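This briefing is intended for reading alongside the sequence and the structure.

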Amino acid sequence: MQPVKLLAKLTTKTLNLTGTFGGSGQDVIDWRTAAHALVGLPQCQTNWAYFRYVGEETRLNKVVRSLTMHITLFVKIKRFKVKPETLNGIVMSAIYEYVQPVCNECDGSGLAPGQKATNINADICIKCFGRGRKPVSNRSRCKIIGIDKKSYTSSHDEITKELLRLIAGWESDIFKNIREKMGEVA
Ligand SMILES: [Zn+2]
């Protein structure tokens, strides 16, 4: 089974349909297989997978905590000056941005058509500015962060991009784990 299809099976909706009182035996086995596919992942990745694909919104706190921990180090190294509440807002808006549908111009690669990801000088997609997701307006981003539109600095944007990279790394770990557990090592 393809990882994407498998993760789709992990949604709350599927669970409701295939719970003890409904659905076929086959579906229940699929659900258990899917859960098995996440076993062995580190805690951050596990929380993200359950938050995003199983619809366990209670995992959000743990996801926020992991991201904050990782990004605090990044902020220190970069010597950015960011208030803790602003940083928390940026974490929330990055999560919001990450779960947006993929950009239909570049299919999520963030690169201009014909560009290869291996080329570090590749041109970025002009529609999503290299983010690979449907663009979130600066206005909604700042609303989530809780700052004025004009107060969104280039440091804030660098932090946002680093957070998106972190989550993308988790997702690639998740998909790799699923492939291994399903015996489909690429
Ligand atoms: Zn794009």
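Predicted model: local features only at pLDDT ≥ 70, side-chain atom pairs only at ≥ 80, totals over all residues.

The protein itself consists of eight helices and zero strands, and its residues average a pLDDT of 81.

- Cys-103 counts as buried because its relative accessibility of 2% is under the 20% cut-off.
- Cys-106, at 8% relative accessibility, likewise counts as buried.

**Overall architecture**

- Read along the sequence, the elements follow the pattern α-α-α-α-α-α-α-α.
- The protein has 186 residues, of which 40% count as buried.
- Among contacts between residues at least 6 apart in sequence, 65% join residues at least 24 apart.

**Confidence of the model**

- A pLDDT of at least 70 is reached by 80% of the residues.
- Confidence is highest in helix 5 (residues 60-78), at a mean of 96, and lowest in helix 2 (residues 12-17), at 38.
- Over residues 11-29, pLDDT stays under 50, and the model has 13 contacts for this stretch beyond four places in sequence.

**Packing of helix 4 against helix 8**

- Helix 4 (residues 43-53) and helix 8 (residues 154-181) have axes that come within 9 Å and cross at roughly 90°.
- Helix 4 is therefore roughly perpendicular to helix 8.
- From helix 4, the contact is made by Cys-44, Gln-45, Trp-48, Ala-49, Arg-52 and Tyr-53.
- From helix 8, the contributing residues are Ile-167, Trp-170, Glu-171, Asp-173, Ile-174 and Phe-175.

- Cys-142 is situated in helix 7 (residues 138-145) and is buried, with a relative accessible area of 2%.
- Leaving aside residues up to four places away in sequence, Cys-142 touches Ile-147, Asp-148, Lys-149 and Tyr-152.
- Between Cys-142 and Ser-93 the C-alpha to C-alpha distance is 8.1 Å, with a separation of 49 residues in sequence.
- Leu-60 belongs to helix 5 and is partly exposed, because its relative accessible area of 23% falls between the 20% and 50% cut-offs.
- Beyond residues up to four places away in sequence, Leu-60 touches Phe-51, Met-92 and Ile-95.
- The C-alpha atoms of Leu-60 and Asn-47 are 7.9 Å apart, and the two residues are 13 apart in sequence.

**Residues with positive phi**

- Arg-79 is not a glycine, although its phi is positive, at about 55°.
- Arg-79 occupies the loop between helix 5 and helix 6 (84-98) and is exposed, with a relative accessible area of 72%.
- Phe-129, also a residue other than glycine, has a positive phi near 55°.
- The loop between helix 6 and helix 7 holds Phe-129, which counts as exposed at 55% relative accessibility.

Conventions:
Residues numbered from 1 in each chain as written. Heavy atoms only, no water. Buried < 20%, exposed > 50% of the residue type's maximum accessible area, 1.4 Å probe, protein only. pLDDT = per-residue confidence, 0-100. Helix = DSSP H or I, 4+ residues; strand = E, 2+ residues; numbered from the N terminus. Contact = heavy atoms within 4.5 Å. Axes fitted to C-alpha atoms, helices over the stretch in contact; angles between N-to-C directions. Parallel < 35°, antiparallel > 145°, perpendicular 65-115°, else oblique.
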